[in-house]
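Take a look at the chain shown here.

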Amino acid sequence: MEHVHLAAEEDDLYSGYNDYNPTFDSEELDNDAGFQQAVRTSHGRRPPMTAKFPGTAIGGRALGTSFGSRMPMASSMGRPMTGAVQDGAARPMTAVRAAGYSSAMTRGSTFDPLGQSKGPAPPLEGKSEDTPDEKVKILEKKSLDRAKEAGRKERALVRQREQSGNADHINLDLTYSVLFNLATQYANNDMYAEALNTYQVIVKNKMFSNAGRLKVNMANIHFKQKNYPKAIKLYRMALDQISNSHKEMRIKIMQNIGVVFIRMGQYSDAITSFEHIMSECPNIKTGFNLILCYYAIGDRERMKKAFQKLICVPLGIDEEDKYIPPNDDTHANLVIEAIKNDKLHQMERERKALAEKFIMTSAKLIAPAIEATFAAGFDWCVDMVKSSQYVELANDLEINKAITYLRQRDFNQAVETLKTFEKKDSRVKSAAATNLSFLYFLEKDYDQADRYADLAMTADRYNPAALINKGNTVFVKKDYEKAAEFYKEALRNDSSCTEALYNLGLTYKRLGRLEESLDCFLKLHAILRNSSQVMWQLANLFEMLEDPHQAIEWLMQLITVTPTDPQVLAKLGELYDSEGDKSQAFQYYQESFRYFPSNIDVIEWLGAYYIDTQFCEKAIQYFERATLIQPTQVKWQLMVASCYRRSGNYQKALETYKDIHRKFPENVECLRFLVRLCTDMGMKEVQDYATKLKKVEKMKEIREQRVKSAREGSARGTRREGSASSDSGHSSHGTSAKGERLSAKMRALPGSNEPYEASSQRDIDASYVDPLGAPMERPKTAAKKRNEEDEFADEELGDDLLPE
């Protein structure tokens with residue numbers, strides 16, 4: 001029994017495990033010299049330590065195995081090992097402390113290793129809803145919640161009445177209102193299935209009177225879901241349940257039926273509905289839809305009849321004369337001034353503007369279809385309008401006729417049509433003269449453009465389009481200061497006139513006032529966010545202001561709008577090249593070449609890049625492309641041969657030089673390289689090519705001498721007669737010098753044992769620079785040329801000047 005120990009008498013097996021050893025504290029690792037030394041050494045190896053246990057491979061600690069006895073030992077720095085035996089009890093194998101245990105926990109604490117006792121995590125913060133659509137959605141969701149709550153309370157009220165025996169006093173109007181509101185809110189939140197179910201509950205209840213008209217709402221939902229047959233069925237059911245006394249409601253339902261038939265492409269059925277409406281209660285929208293249906297089936301005569309019905313639809317608007325104040329009645333003047341801009345008058349103006357819009361659109365639509373020619377059809381429409389209540393629309397139709405001629409590229413007819421307005425009233429005259437000035441400006445007849453611009457300004461000084469055209473005519477005469485004044489005046493009359501602001505920026509740019517030009521284009525960018533021309537001008541201005549980083553930023557924005565513009569990509573490559581970033585420059589030049597492989601400047605840059613990077617084989621394809629584009633330029637073919645020679649393909653280089661010699665037999669560079677290659681390769685043709693080279697160089701010297709003699713002869717006529725002897729002496733000296741230069745050039749040719757890189761650049765014509773002797777000069781890109789010429793100024797000045 002002395003070996004039997006009761007559990008109560010034994011020491012606690014887990015005592016001491018909550019006694020946290022400060023050596024395991026991670027915050028003290030900064031003060032642990034051994035740990036810091038291990039971190040600083042490569043791969044975390046600790047410096048060698050004195051062996052505490054002999055016979056171990058490491059020397060710092062013993063290797064424990066599952067078969068060996070466990071013994072307490074320290075780490076190489078004396079810290080206790082995890083899993084070692086302490087005070088006779090085995091400690092759990094953990095990194096620092098036992099899982100679920102901490103130094104702050106006491107016995108009897110709940111085991112919660114995942115920290116679930118802390119409760120659920122706090123909800124994520126909602127995203128701020130700032131846009132109008134999101135605010136409306138939030139309000140609709142709140143309205144739906146309120147509608148559901150109202151439904152619950154209404155059902156609770158009904159149950160309460162039934163339980164109390166007052167079922168006869170149930171308020172049906174309240175129940176109807178609650179269900180109708182709930183269905184409406186379901187529809188507003190695009191919960192169409194729930195909305196249809198709620199409407200169905202109302203419609204099927206016979207206790208609700210006039211519930212059948214709610215089938216119109218159900219049909220509207222099916223129309224949104226593009227279930228057109230079901231929508232038509234419900235519209236017709238609603239039409240059957242609505243009495244003839246509700247004429248306006250029936251007209252609206254029939255109009256919806258016609259619109260659904262148009263969506264289905266059943267124009268004959270739509271015509272039936274619209275014709276019935278126009279006979280019972282005509283309106284502008286239905287008349288316009290009827291014209292569209294006749295146009296779709298190609299019925300000319302019925303299009304004319306429908307147009308006549310359209311212009312005869314009464315608008316229900318009083319005459320404008322009632323808003324003209326009399327001169328003698330002060331009280332009446334005050335009343336008229338008060339009602340001149342009230343809500344009713346604004347509604348009348350909107351209704352009239354809508355009617356004019358439908359009539360103008362209908363005329364432009366049917367004019368080419370109702371007669372043999374477009375002009376005859378438009379003239380018929382104008383005659384009909386002149387005999388109606390829309391007499392003032394006749395002039396607008398005539399101007400639209402001229403604009404239609406412009407769209408058809410019939411400029412002569414457009415000009416003739418617009419010239420008929422020179423004796424009309426000021427508003428029409430100004431509009432016609434503005435368009436005439438624009439037409440003449442496009443045809444580069446600047447005198448006529450200036451004349452009609454003056455005429456338009458005389459008729460209406462506050463017409464911004466006329467002021468812009470006048471500024472354009474002054475701009476092309478290079479009177480930039482005066483042009484800027486006209487553009488400024490146009491902006492004062494209409495601050496949203498983007499054409500005036502754009503042209504003003506170009507004018508400041510021509511005047512060298514770059515900061516003011518930059519301000520104009522920055523304002524324009526705030527109005528036209530995705531205008532590629534504005535972004536290009538901003539990038540160009542920053543480049544002129546020597547701020548390439550900002551120029552690159554604007555070009556990067558520009559390629560998000562026009563990602564396939566080769567000129568923009570080439571310009572980006574040029575800017576990166578000027579900044580020394582060859583890799584980025586190569587990327588954009590490569591993209592530019594991919595979209596437009598015929599830009600000779602881009603091709604030359606890419607070929608030179610591959611030569612500089614010692615990839616002559618890749619440069620060959622670009623110079624071959626340049627050869628196809630400019631077959632008469634010998635330098636590209638010489639570059640191809642040079643790349644073959646540089647890459648070590650001497651046989652291909654020789655063949656290329658021979659082909660060049662056949663095409664250009666008098667090219668000195670080609671003959672010189674043929675002599676060198678044939679000499680090094682030990683070919684017999686070397687003597688023939690050397691002879692040809694001497695002959696060509698001699699002929700070149702003779703031509704140069706003749707040119708020089710001709711120049712001296714022309715200069716001799718202005719000299720005195722006593723200079724003849726000195727001229728003859730100079731001529732004999734030049735002849736001897738010519739032979740010396742020819743001999744020197746022949747001596748300069750490399751021998752068979754000299755490398756190709758030893759060729760001298762002074763022997764090569766200036767028209768061709770071989771990349772082996774000197775680096776090729778970086779070419780200007782086409783975008784650079786566009787910057788210098790500023791072609792946007794000429795192309796965009798007259799854009800979008802046609803009035804609506």
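**A chain of helices**

The chain has 34 helices and two strands. Both kinds of element are DSSP runs, numbered from the N terminus: helices are H or I runs of at least four residues, and strands are E runs of at least two. This is a predicted model, in which local features need pLDDT of at least 70 and side-chain atom pairs count only at pLDDT 80 or more, while totals for chains, interfaces and linings use all residues. Residues are numbered from 1 along each chain as its sequence is written, and side-chain values use heavy atoms, with hydrogens and water left out.

How much of the chain is buried? Of its 804 residues, 38% count as buried. Buried means under 20% relative accessible area, exposed means over 50%, and partly exposed lies in between (1.4 Å probe, protein chains only). The accessible surface of the chain is about 47,400 Å². Carbon and sulfur atoms hold 51% of that surface. Areas come from the Shrake-Rupley method with a 1.4 Å probe, and for residues only the protein chains shown count as cover.

Contacts come next. A contact means heavy atoms within 4.5 Å. Take the contacts between residues at least 6 apart in sequence: 53% of them join residues at least 24 apart.

Now for the helix pairs. Two packed helices are described by the angle between their axes and the distance between the axes. Axes are lines fitted to C-alpha atoms, for helices over the stretch in contact, and angles run from 0 to 180 degrees between N-to-C directions.

Begin with helix H13 (residues 374-386) and helix H14 (residues 393-407). Their axes come within 9 Å and cross at roughly 170°. That makes H13 roughly antiparallel to H14. The word applies to angles over 145 degrees; under 35 is roughly parallel, 65 to 115 roughly perpendicular, and the rest oblique. The crossing of H13 and H14 is right-handed. In a right-handed crossing the near helix is turned clockwise from the far one by less than a right angle; in a left-handed one, anticlockwise. Residues in this contact include Phe 374 and Phe 378 of H13, and Leu 393 and Leu 397 of H14. By class, the contact of H13 with H14 has ten nonpolar, two polar and four charged residues. Ala, Val, Leu, Ile, Met, Phe, Trp, Tyr, Cys and Pro count as nonpolar, Asp, Glu, Lys and Arg as charged, and the others, Gly among them, as polar.

Move on to helix H24 (residues 566-578) and helix H25 (residues 582-595). They pack at about 165°, with their axes 8 Å apart. H24 and H25 are therefore roughly antiparallel. H24 passes H25 in a left-handed crossing. Among the contact residues are Leu 569 and Tyr 576 of H24, and Tyr 588 and Tyr 589 of H25. Their contact divides into nine nonpolar, three polar and four charged residues.

The last pair is helix H28 (residues 634-646) and helix H29 (residues 650-663). Their axes come within 7 Å and cross at roughly 165°. That makes H28 roughly antiparallel to H29. The crossing of H28 with H29 is left-handed.

Finally, two loops. Most residues other than glycine have a negative phi. Lys 478 has a positive phi, near 65°. Lys 478 sits in the loop between helix H18 and helix H19. Is Lys 478 buried or exposed? Lys 478 is exposed, with a relative accessible area of 64%. Gln 614 also has a positive phi, near 65°. Its place is the loop between helix H26 and helix H27.
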